Amino acid sequence: MRRLVADKTKQLIRTHFLTYKSHHPSLASQSFFFSSYYSTSTSTTTFPSSMESSDSSHQLSLQTLNPKVLKCEYAVRGAIVTQAEKLQEQLKKDPKSLPFDEILYCNIGNPQSLGQQPITFFREVLALCDHPNILDKSETQGLFSADSIERAWQILEQIPGKATGAYSHSQGIKGLRETIAAGIEARDGFPANANDIFLTDGASPGVHMMMQLLLRSEQDGILCPIPQYPLYSASIALHGGTLVPYYLDEATGWGLEISELKKQLESSKSKGVTVRALVVINPGNPTGQVLAEENQKQIVEFCKKEGLVLLADEVYQDNVYVPDKKFHSFKKIARSLGYQENDLPLVSFQSVSKGFYGECGKRGGYMEVTGFTADIREQIYKVASVNLCSNLTGQILASLVMSPPKVGDESYEVYSAEKEGILSSMARRAKTLEDAFNSLEGVTCNKAEGAMYLFPRINLPQKAIKAAEAEHIAPDAFYARRLLEETGIVVVPGSGFGQVPGTWHIRCTILPQEDKIPGIVERLTAYHQKFMDEFRD
């Protein structure tokens, strides 16, 4: 019976095909056949299939995908992380099958996945906005702080239908943008305009939006720091531009030298590449440096002189751990130099994923766009509107980050204690890991002044480099893979961020909880000693 049904099905398909071919004569010259399912049948009928069309360019394969996608890479979630996930599954099935009992993810800035608790005030406001029916209930007064209840009411009044499940304006809720603008003004001491704010799902969509806007072809370039956060190399590749590297100076604590910017700008011009913008990450990722105010002034003047858009990645603005450095936004620097709204095209990115809040999964952020003409701003808005709007939970969080509880609010003491506790712990973790790396043979690590990462340099023995070459992988990827296999610690090879040729690094976050840090140091130290002994020249 089953065979009869199969034969009948094939007859129907063949009849349909022949009818179709009679109306499409161009198919007659093409050779087709059906899949192995049909060929296993007792029927001798052979059917055509487009899978063996003489025109292979129409077949779906890696070779027929968009080459820009194939060129794009994102090391933070690359091969080593994929391997770590497989090992984690192995541990679940057989906890004693590996020489460690847990995977320690030090590869990505994802604080809450490693145990960091969310800020109470932020989550109370979100809960009330998402379920406004409880705002009028008497029990709510005892469960939530008075200022979180008041803030939730204020936010809901600004949302269409008072519903966080509704679409918003493509730039984001106007009232929330006004709150963010007020926060920027309070931070910088210079005016900010809600109309300059575009709320986004984290900072990444804003970066992609600007690359879409600026890059017309491979003859357009973006100056990017090396090492850099792979979002930039990936987005430049996806949008068909050219990454123009400028190297940070590791010997001076990852300093940004204007002479290096000029050198790379001239080099790109000689190759026929038009540089459209300069990316600056401050505090640095993966390098953790905080730019000096004087250096920022030099960068602003350089962009003004060369007619470049300044793309300021400032998502780690709340992560500064050294007393002699402070965060200053590039907009503040530009205004302090006397440059006004229309004097310098500047885009500043902020995110709720970093800082002391670490709300990565909520996908909130914004870009502040200044110095663009009205017709260009219309194009930015058009690109933003294609995605309708960013999610409202992220929008609300972005407004809360820029307008937290103030002195006198019921939540202020708890909020301040949570903020101080998280940031001081991060500073201690950074120092412990920095000291640990610097104690290892052949390893040097600059101070983590800010952000969430260390980027130690590892002077690998030639035997290790040759062993990596034999396996066709970068030497620092070879080191990082073995570190994972022997200790369960996940780091990212420096080659995924870019580095001076001939140098090798890894990026390690400072985010595992403080009670895990001694164990990480112990595992790392033992592994490194064993590795160096094995490959010592």
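Visitor: Let's start with a proline. Where is Pro 227 found?

Guide: Pro 227 is in the loop between β3 (220-226) and α10 (230-238). Keep in mind that this is a predicted model.

Visitor: Okay. What kind of peptide bond joins Ile 226 and Pro 227?

Guide: A cis one, with omega at about 5°.

Visitor: And what about Asn 282 and Pro 283, what's the bond there?

Guide: Asn 282 and Pro 283 are also joined by a cis peptide bond, and omega is about -10°. Pro 283 belongs to the loop between β5 (274-281) and α12 (293-306).

Visitor: Staying with backbone geometry, what's the phi of Trp 254?

Guide: Near 65°, which is a positive value in a residue other than glycine. You'll find Trp 254 in the loop between β4 (242-247) and α11 (258-270).

Visitor: Is that Trp 254 side buried or exposed?

Guide: Trp 254 is buried, with a relative accessible area of 4%.

Visitor: What about phi at Arg 363?

Guide: Arg 363 isn't a glycine, yet its phi is positive, at about 50°. Arg 363 sits in the loop between β7 (346-351) and β8 (365-370). Arg 363 is partly exposed, at a relative accessible area of 32%.

Visitor: Switching to charges. How many salt bridges does the structure hold?

Guide: There are 23 salt bridges.

Visitor: Let's take one. Which residue does Asp 435 form a salt bridge with?

Guide: Lys 431, and the closest N and O atoms are 2.9 Å apart.

Visitor: How are Asp 435 and Lys 431 placed in helix α16?

Guide: Helix α16 covers residues 412-438, and the two are 4 residues apart in it, so about one helical turn separates them. Asp 435 is partly exposed at 39% relative accessible area, and Lys 431 is partly exposed too, at 44%.

Visitor: New topic, the greasy bits. Which residues make the nonpolar surface patch of about 420 Å²?

Guide: Leu 60, Leu 62, Leu 65 and Leu 70. Leu 62 is in the loop between α2 (36-39) and α3 (67-71). At 55% relative accessibility, Leu 62 counts as exposed.

Visitor: Over to helix α7. How many residues does it have, and what does it reach?

Guide: Helix α7 (residues 146-158) has 13 residues and reaches 19 Å from its first C-alpha to its last, close to the expected 18 Å.

Visitor: Which residues of α7 are buried, and what do they pack against?

Guide: The buried ones are Asp 147, Ser 148, Ile 149, Arg 151, Ala 152, Ile 155 and Leu 156. They pack against α5 (120-130), α6 (138-143), α8 (174-188) and α15 (392-401).

Visitor: Last one, the open sheet of 3 strands. What's the order?

Guide: β10-β14-β13, with antiparallel pairing. β10 (453-454) and β13 (492-493) are at the edges with a single partner strand each, so one side of each has no neighbour in the sheet.

Visitor: Over how many bridges do β10 and β14 pair?

Guide: Over 2 bridges, in the antiparallel sense, and β14 is residues 506-509. Tyr 453 stands opposite Thr 509 in β14.

Notes. Residues numbered from 1 in each chain as written. Predicted model: local features only at pLDDT ≥ 70, side-chain atom pairs only at ≥ 80, totals over all residues. Heavy atoms only, no water. Salt bridge = Lys/Arg side-chain N within 4 Å of Asp/Glu carboxyl O. Buried < 20%, exposed > 50% of the residue type's maximum accessible area, 1.4 Å probe, protein only. Patch = residues over 30% accessible without salt bridge, like charges linked within 9 Å, V, L, I, M, F, W, Y side chains within 5 Å. Areas by Shrake-Rupley, 256 points an atom, 1.4 Å probe, with all protein chains shown as cover. Expected span 1.5 Å × (residues − 1). Contact = heavy atoms within 4.5 Å. Pairing = 2+ DSSP bridges.
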